[in-house]
Amino acid sequence: MEKEKMKDELKTLGQKVSSLKEKITTEEATKTSLIMPFFSLLGYDVFNPLEFIPEFTADVGIKKGEKVDYAIVLDDTLTILIEAKAITETLSKHDSQLFRYFGTTNAKLSILTNGQEYRFYTDLEQTNKMDDVPFLTFNISNLKDSQITEILKFSKKNFDIDEIVSSASELKYINALKSYMNEQFESPSEDFVRFLSNNIYEGVKTKQVIDKFTPIVKKGLNQIITEIVNDKLSSALNTSVEVKEVESKEQETKISAIDDTNIITTNEELEVFTTVKVLLNDVIDVDRLFYRDNRSYFNVLLDDNIRKWILRYFDSSSNKRIELNNANRTVIEINSTLEILKYKAEILEVIHQFI
């Protein structure tokens, strides 16, 4: 229950950040509107200067009186340093500043944030020297379940510095691996292509051979991911069909494959519906999602309310496209229903209008 409550509160704060980011221009506004609410959500008394210390003095060598934006003290022990920047700023510019602060205190953790992106650091590589690479990074407006699990460890109630530091190493390298693999999916490096080709090609790996295999590797990797996602969607679709077979007649009329006007709902349209359910699973109860089919387009709705339509899917002989229920009524051409997965952020903006 605690995780679910935290998840809901973080999602709500993430929505707030998204809605306010264009209106906030200063560091102070970022602190009071976005950063302090985050730490308050974690259970810290942000108005208690003995626990959540603003403008904490961290002397740096010959520089005296340099201040960190906030410091968290637990059980009379300085635990976390927080450097805050305006939401309009990118964090990479300020890593060195927090790096200087870290070495002058006994804090084992430091956080760099602009209210939307959060970077968590410790000293895995060298004691009392802040690592160059954060062990945890997240965008609060686009949180994943695995990140929420890690954030929960930083709540005042659950805080255990030994547990956090011991898991930081694993987190750091898992994130590094994910980042590396994402890069290889987009643009395979020569070393990566050479490694894979060693297992499938017995000839000499000349530059010409590597150049030949590079597009093959990229295409193969993306096909693997597409097939995995497709299998999961198909499984979800089959499960959905099985459930619908035992639902009441009233429910069947809402999402029946063939309605009383002889309009036939195709497998592709059902895949659209299932894909939207997968995308919104972390945001709402997917039982609130329905669809209605008509001769012109396929409609995905919230609460079976035609005024709360999320997207429309058009499948004509010439092209496939979706229309989003946002201010611009954005129309996106797609080649397959799986391409809808690319537009998660846009679909989330639509659903946030109604919840």
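Q: Which strands does helix α9 lie across?
A: The model is predicted. In this model, helix α9, residues 267–280, lies across β7, β8, β9 and β10 (320–324). The direction of α9 makes about 160 degrees with that of β7. Another helix, α10, also packs on the sheet, where it touches β8, β9 and β10. Between the directions of α10 and β9 the angle is about 155 degrees.

Q: In what order do the strands of this sheet stand?
A: The sheet is open and has five strands, in the order β7-β8-β9-β10-β11, with antiparallel pairing. At its edges are β7 (289–293) and β11 (331–334); each has a single partner strand, so one side of each is left without a neighbour in the sheet. From one strand to the next, the twist averages 25 degrees.

Q: How many bridges join β7 to β8?
A: Five bridges join these two strands, which run antiparallel. β7 and β8 form a hairpin, with four residues between them. Within this pair, D293 has F298 of β8 opposite to it. As for burial, β7 is mostly covered, since four of its five residues are buried.

Q: What stands opposite F298 in β9?
A: In β9 the residue opposite F298 is Y313. The strands concerned are β8, residues 298–302, and β9, residues 305–315, which pair in the antiparallel sense over five bridges.

Q: Let us turn to another pair of strands. How many bridges join β5 to β6?
A: Strand β5 (residues 117–121) is joined to β6 by four bridges, and the two run antiparallel. E117 is placed opposite N139 in β6.

Q: Which residues of β6 make up its covered face, and which its uncovered face?
A: Strand β6 covers residues 136–139. L136 and F138 belong to the covered face, whereas T137 and N139 belong to the uncovered one.

Q: How does one look for empty space in a structure?
A: The general idea is to roll a probe the size of a water molecule over the atoms, which shows where empty space is left. In this structure, the largest pocket holds about 980 Å³ of space. It is lined by 27 residues, and those closest to its centre are K144, K178, S179, N182 and F185.

Q: Which elements give two or more residues to the lining of the largest pocket?
A: They are β6, α4 (145–152), α5 (161–186) and α7 (207–245). The largest share of this lining comes from α5, with nine residues. Sorted by class, the lining of the largest pocket has eleven nonpolar, nine polar and seven charged residues.

Q: How many cavities of 30 Å³ or more does a search of the whole structure find?
A: The search finds one such cavity. The volume of the largest cavity is about 150 Å³. Its lining consists of 13 residues, and K11, S141, N142, V283 and L348 lie nearest its centre.

Q: Which helix gives the most to the lining of the largest cavity?
A: That helix is α1, with three residues. Both α1 (2–20) and α10 (344–351) supply at least two residues each to this lining.

Definitions and conventions:
Residues numbered from 1 in each chain as written. Predicted model: local features only at pLDDT ≥ 70, side-chain atom pairs only at ≥ 80, totals over all residues. Heavy atoms only, no water. 1 Å grid on protein atoms, 1.4 Å probe; cavity = no way out; pocket = protein on both sides within 12 Å on 5 of 7 lines; lining within 4 Å. Points joined across faces, edges and corners; volume = space filled by probe spheres on them. Pairing = 2+ DSSP bridges. Axes fitted to C-alpha atoms, helices over the stretch in contact; angles between N-to-C directions. Contact = heavy atoms within 4.5 Å. Buried < 20%, exposed > 50% of the residue type's maximum accessible area, 1.4 Å probe, protein only. Nonpolar A, V, L, I, M, F, W, Y, C, P; charged D, E, K, R; others polar.
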